[in-house]
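Please walk through the structure below, one group of helices at a time.

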Amino acid sequence: MMLKPVWLYFALQVAVLPIAGLPNGWGPAFPGPAAAWGDTQDDVLDAAALLLYQSTVVDRNGTHNLLLKAIRHMGDPATRPLFDFLAGSEHPGLKIHGILGLAEISPDHRVDLSLIAQIDDPLVQSTVVTAAMDGDLLDNQQATQLLDWDGLAQEVKVLVAVRLLEAGEFSDTDALHEAITQSKKLGGGAIAALLLMQLDDPAGLEHLRSVVDPSDDPQRDTVRVMLLQTALKHEFNRVSPWALQVAQEPDVDSVLGLLALRAALRFGEPGAVELWRSRYDDAKDSPAGRVRLALTALYLSPWLEPGVFEDIRSSNDPMLRAIGETGLQITSGSSQIADSVTSLLELGHPMINTWALGYAEGHANDFDAQVILLGLVLAYEHSPQRGKARRLDEAVQATQALYERDPGAAVKLLRPILAEPTTDNLLTQAILLGLIRTREPGAVDVVDGIEDQLNNNDAEALALLLTARTDRAMDDEQMDDLALLARGGSRLEDSLRIQVTWLYLKRTGAAETALNRVLGNTTP
């Protein structure tokens with residue numbers, strides 16, 4: 001596969017423009033088009049070093065964040081010098097990337113607590129700790145150690161306690177009472193109160209009712225939304241009495257009220273189903289209101305009784321009937337769940353598609369998950385024009401979920417779509433991007449043997465990236481193409497191009513040279 005030079009011309013033309021802020025001695029990254037097809041390895045190294053350098057320079061448009069996330073995505077231990085450098089940066093954003101990047105490439109996949117201990121800013125501390133917990137880079141033993149640190153901000157300790165309580169390894173109510181007393185912000189004390197509620201300490205509910213609910217703080221409802229989201233995420237079921245109370249408030253904000261009702265329903269609070277029915281009946285003249293309530297029930301279908309969905313299915317509205325039918329199939333454990341969900345996907349409603357992705361990943365059996373995820377991939381080609389951009393993003397996510405759940409099924413289901421000449425070029429690229437997001441070198445199996453059938457230069461570039469990140473040998477033509485992509489000779493986003501660049505440097509033995517050049521020209 002040789003990339004065609006014609007469509008690369010404009011990419012190479014713009015590259016000759018001078019770039020501000022380069023280190024001394026660094027000229028334009030690219031020669032003009034006349035020299036473009038006579039690349040030397042030094043030329044490619046220049047372009048590669050420049051792109052790596054840009055990842056270390058804070059940009060008001062956030063370009064550095066995108067580049068560093070892309071480098072971290074590869075999880076390559078050879079990037080350690082870069083992340084060591086960033087972890088010592090004075091800039092909080094670069095420091096966070098450095099600490100997390102080091103954790104992601106460490107043998108035990110764990111964050112270095114000594115680096116967190118060196119952070120003075122509580123906000124930066126909390127960002128690192130939260131990201132480490134979300135990325136499974138902080139185990140419970142480390143989290144327990146953090147609680148004993150004198151230098152760790154109180155609000156950060158409360159966030160750590162959330163993780164430990166979810167795991168059943170936290171019971172220190174005295175520490176939570178102290179956190180409420182010391183907290184200067186409504187949200188800090190509120191989270192501690194939520195944890196007290198989960199530990200069956202009545203002081204938690206009392207704090208929410210006497211301090212948070214009547215507060216005139218302009219952030220009150222934002223705090224209450226945060227509490228409900230935290231409870232749902234971590235399965236803190238003791239929140240349900242308070243959630244139902246919030247949902248019943250006469251003048252409650254609509255978003256907050258619906259979220260509170262969702263939490264009360266999720267945790268089976270007595271009276272929650274009756275309140276949902278009352279709200280549904282009251283919305284008889286509001287189709288949008290009824291759809292919102294029906295979708296709330298759909299998201300909770302694995303935990304609700306069929307009666308709720310019988311009410312929804314009795315509607316004359318086609319969307320409500322379809323939601324009701326799907327909910328009934330799920331609550332009854334039917335063998336027709338996948339068919340019902342794929343029929344629902346034909347409606348093209350973004351919240352339905354988001355739900356379907358989550359249901360397939362978290363609740364569906366293997367067969368149903370494959371059918372639903374494939375339906376999300378194919379939904380793009382049947383979507384109206386105004387919804388196509390969103391459908392593409394859903395196709396990316398569904399592809400990633402499908403491969404990560406069952407690589408063999410992904411090969412079987414996705415390869416024919418990629419090989420089909422009539423498949424939309426953008427859908428082809430979305431599927432390939434989903435495979436790249438998996439981080440799994442084996443994802444290249446989906447495109448094995450059909451690279452020349454892609455008939456799209458952008459897709460060919462993505463397929464080459466999939467090949468380059470494996471340990472397979474690449475021939476001279478493939479390496480020439482990889483060099484061209486590394487120099488910017490494509491329409492690849494920089495977040496993908498920097499991965500191509502790094503892989504090219506690794507394959508040519510120039511990665512260490514490029515990093516030394518970048519770090520020697522950069523001030524932390």
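The buried residues of α16 pack against α14 (240-247), α15 (254-266), α17 (287-299), α18 (306-313) and α19 (318-331); packing here is contact, meaning heavy atoms within 4.5 Å. This is a predicted model, in which local features need pLDDT of at least 70 and side-chain atom pairs count only at pLDDT 80 or more, while totals for chains, interfaces and linings use all residues. Residues are numbered from 1 along each chain as its sequence is written, and side-chain values use heavy atoms, with hydrogens and water left out.

Helix α16 itself covers residues 272-282, and its buried residues are A272, L275, W276 and Y280. They sit on the same side of α16 because they cover an arc of only 135° around the axis, the arc being that of the directions from the helix axis to the C-beta atoms. The face turned away from this buried side carries the exposed residues E274 and D282. Buried means under 20% relative accessible area, exposed over 50%, and partly exposed in between, with a 1.4 Å probe and protein chains only. Helices (H or I, at least four residues) and strands (E, at least two) are DSSP runs, numbered from the N terminus.

Two of the helices that α16 packs against, α17 and α19, also pack with each other, at an angle of about 15° and with their axes 10 Å apart. Axes are lines fitted to C-alpha atoms, for helices over the stretch in contact, and angles run from 0 to 180 degrees between N-to-C directions. α17 and α19 are therefore roughly parallel to each other; angles under 35 degrees count as roughly parallel, over 145 as roughly antiparallel, 65 to 115 as roughly perpendicular and the rest as oblique. On the α17 side the contact is made by R290, V291, A294, L295 and L298, and on the α19 side by M319, L320, I323, T326 and G327. By class, this contact has 7 nonpolar, 2 polar and 1 charged residues. Ala, Val, Leu, Ile, Met, Phe, Trp, Tyr, Cys and Pro count as nonpolar, Asp, Glu, Lys and Arg as charged, and the others, Gly among them, as polar.

Another pair is α21 (residues 350-362) and α22 (residues 366-378), which pack at an angle of about 150° with their axes 9 Å apart. That angle makes α21 roughly antiparallel to α22. N353, A356, L357, Y359 and A360 of α21 meet A369, I372, L373 and L376 of α22. These residues divide into 8 nonpolar, 1 polar and no charged.
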